[in-house]
Amino acid sequence: MDFLRWLFDAQIPVGSSSLLVREVLGNIFGLLSALGGMRRKIWAWPVGIAGNALLLTVFLGSIFGDASTANLLGQAGRQVMFIAVAVYGWRRWQASKSSGADAVTPQWASGRARIGLVAGMILGTAALTPVFGMLGSYEPVWADAWTFVGSLLATYGMAKGWVEFWLIWVAVDIVGVPLLFSAGYYATAFMYLFYGAFTLIGFFVWWRAKANEKPQVQVAMPDPTVR
């Protein structure tokens, strides 16, 4: 109980302001999850879930913190969706691993899937912007909706093993960084800056893994030399 009280109240002084320990820890867990995802490690999912739970309490600032703290409902809502999609991804990667294959094999999304991702990004942002506005999300509300929808699609793409999911993260970071700076969530904003470079590296790592993948050739008769 004392640990939870400390976790919710602890702050790190930075100049004339301070950072929440929960925000710093949540982003560290998120970074570790991204690193594990780049290396296609199953532990990336539970570590990410822990970070999402911490950040959920951060972005609902007026509920878990000071009443004057900005609420970023898109950022908070995406933590919930992260957890739900992460459970799906965790189970999917674990099932693949249990079958004797790699946890995930990078692959390019189909043309239809790419169209779906772009359409989902645009239409989802347009649909959620007025909803987040009515709920009192921080302005500009469309940016909050954009980061929410993009984060959901990127996490789903990671679960599916699509190389393009890294590029969705880049699109999220481009909008999310200025929004977070404006709202005063400096630790997360700086972490997003780092994510921007990291996601580009992850994209090329998965691209190379896909390019180096050995093709599987189906033959009419099994090879007698293979046991």
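This is a predicted model: local features need pLDDT of at least 70, side-chain atom pairs count only at pLDDT 80 or more; totals for chains, interfaces and linings use all residues.
Residues are numbered from 1 along each chain as its sequence is written. Local features need pLDDT of at least 70, side-chain atom pairs count only at pLDDT 80 or more, totals for chains, interfaces and linings use all residues, and side-chain values use heavy atoms, with hydrogens and water left out.

Let's start with the helix pair (helices are DSSP runs of H or I, at least four residues, numbered from the N terminus). Helix 7 and helix 8 pack at about 155°, with axes 9 Å apart (axes are lines fitted to C-alpha atoms over the stretch in contact, and angles run from 0 to 180 degrees between N-to-C directions). The two are therefore roughly antiparallel, a label for angles over 145 degrees.

Now for the cores, meaning sets of buried Ala, Val, Leu, Ile, Met, Phe, Trp, Tyr and Cys residues joined through side-chain atoms within 4.5 Å; buried is under 20% relative accessible area, with a 1.4 Å probe and protein chains only.

| Core | Residues | Members include |
|---|---|---|
| Largest nonpolar core | 33 residues | Trp93, Trp166 and Trp206 |
| Another core, apart from it | 13 residues | Leu55, Leu60, Met191 and Tyr192 |

In the largest core, Trp93, Trp166 and Trp206 have the most contacts inside it. Helix 7 gives the most to this core, with 8 residues. Leaving aside neighbours within four places in sequence, Trp206 touches residues including Trp93, Met158, Phe165 and Trp166.

Key: Angles under 35 degrees count as roughly parallel, over 145 as roughly antiparallel, 65 to 115 as roughly perpendicular and the rest as oblique. Buried means under 20% relative accessible area, exposed over 50%, partly exposed in between (1.4 Å probe, protein chains only). Contact means heavy atoms within 4.5 Å.
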